[in-house]
Amino acid sequence: MTSTMTDHSKASIEADPQVPLIRITRDFTATPDQLFKAHTDPELYARWVGPNDITTRIDHWDCRTGGSWAFSNIRGDDSYSFHGCFHEISPSRLVQTFTFDGWPDGVSLETLTFTDLGNGRTRLVATSLVDSFEGRDQWLASGMDVGVNDGYAKLDTLLTEI
Amino acid sequence: MTTDQLSRTFAALADPTRRDLVARLTLGDATLTELAAPYAMSLQAVSKHLTVLERAGLVSRGKDAQRKPVHLQPSVLEPVTDWLETYRRQAEERYQRLDAVLAGLSATPNEAPAGGTR
């Protein structure tokens, strides 16, 4: 397990050996409430969910236990859409499903926890669980199609705006 | 990379524990003790897995007798673990954008909490 003493100021990733699960851990300078808000307020969520070279359009957002969501990533004439359900919405834990509409049979179960580390720091642990190891690798590969941009231009822009 | 080398790489990675060890070493060097900590298996069992990875050229062990840090040989691994590192980098980029959004929230401390009366 991850110790709270470990430095997670940069995202770290673990591929679970027992179940087809990916776990990402990252610490933030923020309170759990602020992280909760950034994940549940559609306007805020659209600003960071990315990737960098893509605009996110929220198509549907009913953020409550039993609710659902849908958004599209738009780059030029290309659009990639995603949808899922909000299974559980609580201040320290979000559970939701996630499907890339380009691969409608695939679904992952996303569990996010916000742990207060004190001193204005909060740890986010985000797990994605799929139904097979092959599925996990395909799932990861399909996410790459959306594109990776190494630039931090978008971050710089946000920093100067806020 | 020769076919033999690639076969050894894939054979070494056919085991879920060894895949996990490699995934964790993408984050940085670690000692045997550190690597073994999450598993319900002996240090010797983890060491055996590391020997398989070492023979496949995937990891090397340091000379420092005390720590013997295990080091990933990224060149051998590149084609195999690109996906994991790419995914990690995507997440880090995403969370750097989230950092910026959160910094904006911090700047407005007098905002009413969710569910507040005013």
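Two strands are taken to pair if DSSP finds at least two bridges between them. The structure described here is a predicted model.

In chain A, eight strands form an open sheet with antiparallel pairing. The strand order is β1-β2-β8-β7-β6-β5-β4-β3. The edges are held by β1 (12–15) and β3 (55–61) of chain A. Each has a single partner strand, so one side of each is left without a neighbour in the sheet. Neighbouring strands of this sheet are turned against each other by 25° on average, direction ignored.

One helix of chain A covers part of this sheet's strand set. Helix α1 (residues 32–40) of chain A packs on the sheet. The helix touches β2 (21–29), β5, β6, β7 (108–118) and β8 (121–129) of chain A. The direction of α1 makes about 155° with that of β7(A).

Strand β5 (residues 78–90) of chain A pairs with strand β6 (residues 93–100) of chain A in the antiparallel sense. Six bridges connect these two strands. Within this part of the sheet, A:S90 stands opposite A:R93 in β6(A). Next, β6(A) and β7(A) run antiparallel and are joined by six bridges. Here A:L94 has A:L112 of β7(A) as its bridge partner.

The pairing of β7(A) with β8(A) is also antiparallel and spans nine bridges. A:F114 is bridged to A:L124 in β8(A). β7(A) and β8(A) form a hairpin, with two residues between the strands. In the turn, A:N119 has a positive phi of about 55°.

Chain B has five helices and two strands. Along the sequence, the elements of chain B follow the pattern α-α-α-α-β-β-α. Chain B comprises 118 residues, of which 31% are buried. Among the contacts in chain B with a separation of 6 or more, 53% link residues 24 or more positions apart.

Helix α2 (residues 16–25) of chain B is mostly covered. Seven of its ten residues are buried. The buried set in α2(B) includes three arginines, B:R18, B:R19 and B:R24. B:L21, B:V22, B:A23 and B:L25 are likewise buried in α2(B).

Notes: Residues are numbered from 1 along each chain as its sequence is written. Chains are lettered from A and ligands numbered from 1 in the order in which they are written. This is a predicted model: local features need pLDDT of at least 70, side-chain atom pairs count only at pLDDT 80 or more; totals for chains, interfaces and linings use all residues. Helices (H or I, at least four residues) and strands (E, at least two) are DSSP runs, numbered from the N terminus. A residue is buried if 20 or more other C-beta atoms lie within 10 Å of its own, exposed if 12 or fewer, and partly exposed in between; C-beta atoms are placed from the backbone. Two residues are in contact if their C-beta atoms, placed from the backbone, lie within 7 Å. Axes are lines fitted to C-alpha atoms, for helices over the stretch in contact, and angles run from 0 to 180 degrees between N-to-C directions.
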